[in-house]
Amino acid sequence: MTIIKQADLIDSVADALQYISYYHPKDFVDAMYDAWKREESEAAKDAIAQILVNSRMCAEGHRPICQDTGIVTVFVRIGMQVQWESELSVEEMINEGVRRAYTHPDNVLRASILADPAGKRINTKDNTPAVIHMSVVPGDKVEIELAAKGGGSENKSKMAMLNPSDSIVDWVLKTVPTMGAGWCPPGMLGIGIGGTAEKAALMAKESLMESIDIQELRERGPQNRIEELRLEIMDKVNDLGIGAQGLGGLTTVLDIKIKDYPTHAASLPICMIPNCAATRHAHFMLVGSGPSLQTPPDLSAWPDISYEAGDNSRRVDLNTVTAEDVATWKPGEVILLSGKMLTGRDAAHKKIVGILDSGEELPVSLKGRFIYYVGPVDPVRDEAVGPAGPTTATRMDKFTDQVLEQTGLLGMIGKAERGPVAIESIKKHKSVYLMAVGGAAYLVSKAIVNSEVLAFPELGMEAIYEFDVRDMPVTVAVDSQGTSVHTTGPEHWKQVIFDKKA
């Protein structure tokens, strides 16, 4: 009989969540570095370089890889011979570990979890509760796998109930392009096949806890149908040319993970869940001898590369930029922003539109300004702001035309592509959309020298801030003529890949 103490589980969960907030798994770093070395697309190579440099900075500085520090997902396997010495339930112990991790004063993590999701959507302030899956298994140990899953990638999850005769590969290849770039590729795709709808989703999520090993599989060769599928899907998805951050390139996925389960004769459930460039998961075991704490990696495991914007980068002063200046910016051009920008994402935009509809004056003038779609992490020590990478821009598409029309906003900054409605509005108003790299939040924050809340402080990380930035790197993703690099880039690289194979 193994006795597991309450404090040991709490401490182990808290330690693991802090650890994964700033340490990428080594297999992910290695796979990204290999992708960087192979990449031929200049835009994609630049994006991967930012992700790798950000990763090393976070490992050294013990600050979050991404401003979206995720919803915590936990798989717990409890041995049948385990006895608990605890006043709390297993769920309560895990959530206490989450609470302590996300409020740690040396590395505050962003609280993103909202209670009453269909109603008032009130922030729980400490990122609890976690999503917990428990099973009872033979043995005298407690095994735990946990991950912090960002909303941008989680929102791109796809599920279907296929016919038994349908092609799984065809469904994946049809579906991946519909996910856009909001899941921050390159990353992994977890796929669950079989069982029932909820079982397929659970398997897809659980598969993402595994290490990247597709190259080892390729070298030894597949030994069953699932391994054949992994290789086939990996190659065909990369042939789509979507590339890093959706800019077009050779690597869209680093690995394909698949789990399957017996299913009904009339059914073929399938779920696909992407893991983003902020891949964060940890594994530990409790055996009754105290907490299980993570071992810090050797920083020499990170590649020695640096990020410098190219010589052709355009420096822009946000305090003096005009619509005439914006009209000269070209799709795919790297811009280094300095000066003052505003921030605002979902909740702020909802409030802005509500005020515009009421005919009242906004608390902050948007005329001639740039707004950054971001919800930053709280600062620690001498930071102006914590990690502050972009959030998915398409969520703001439904607000874009009204905001541009009624406020005179000049430009927007976010992550991934814009939809047709937003692109048409950008073209109509001669605005511009700039893309910052998702998965480079700490690197971006180093360009922010001052931060001040200007409006809606009750929204917390979703308030309107004013950032003062110095040489913040972004890419012109939709120019004032409505040309989107998230359309032209993948189209070009899909053709390049096809021509190479022809």
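In which helix is S21 found? S21 sits in helix α1, residues 6–22. The model is predicted: local features need pLDDT of at least 70, side-chain atom pairs count only at pLDDT 80 or more, and totals for chains, interfaces and linings use all residues. Residues are numbered from 1 along each chain as its sequence is written, and side-chain values use heavy atoms, leaving out hydrogens and water.

**View 1. S21 in its surroundings.** S21 has 4% relative accessibility and therefore counts as buried (under 20% relative accessible area, 1.4 Å probe, protein chains only). Beyond its neighbours within four places in sequence, S21 contacts R63, P64, I65, N107 and L109 (heavy atoms within 4.5 Å).

**View 2. Polar partners of S21.** The side chains of S21 and N107 make a polar contact of 3.0 Å (N or O atoms within 3.5 Å, one able to donate a hydrogen and the other to accept it; residues adjacent in sequence count only if both atoms are side-chain atoms). A polar atom of the S21 side chain also lies 2.6 Å from the backbone oxygen of Q18.

**View 3. Helices α12 and α13.** Helices are DSSP runs (H or I, at least four residues), numbered from the N terminus. The axes of α12 (residues 397–407) and α13 (residues 420–429) come within 8 Å and cross at roughly 15°. The two helices are therefore roughly parallel (angles under 35 degrees).

**View 4. The contact of α12 with α13.** D397, T400, D401, L404 and E405 of α12 meet A422, S425, I426, K428 and H429 of α13. By class, this contact has three nonpolar, three polar and four charged residues.

Terms used:
Axes are lines fitted to C-alpha atoms, for helices over the stretch in contact, and angles run from 0 to 180 degrees between N-to-C directions. Angles under 35 degrees count as roughly parallel, over 145 as roughly antiparallel, 65 to 115 as roughly perpendicular and the rest as oblique. Ala, Val, Leu, Ile, Met, Phe, Trp, Tyr, Cys and Pro count as nonpolar, Asp, Glu, Lys and Arg as charged, and the others, Gly among them, as polar. Buried means under 20% relative accessible area, exposed over 50%, partly exposed in between (1.4 Å probe, protein chains only).
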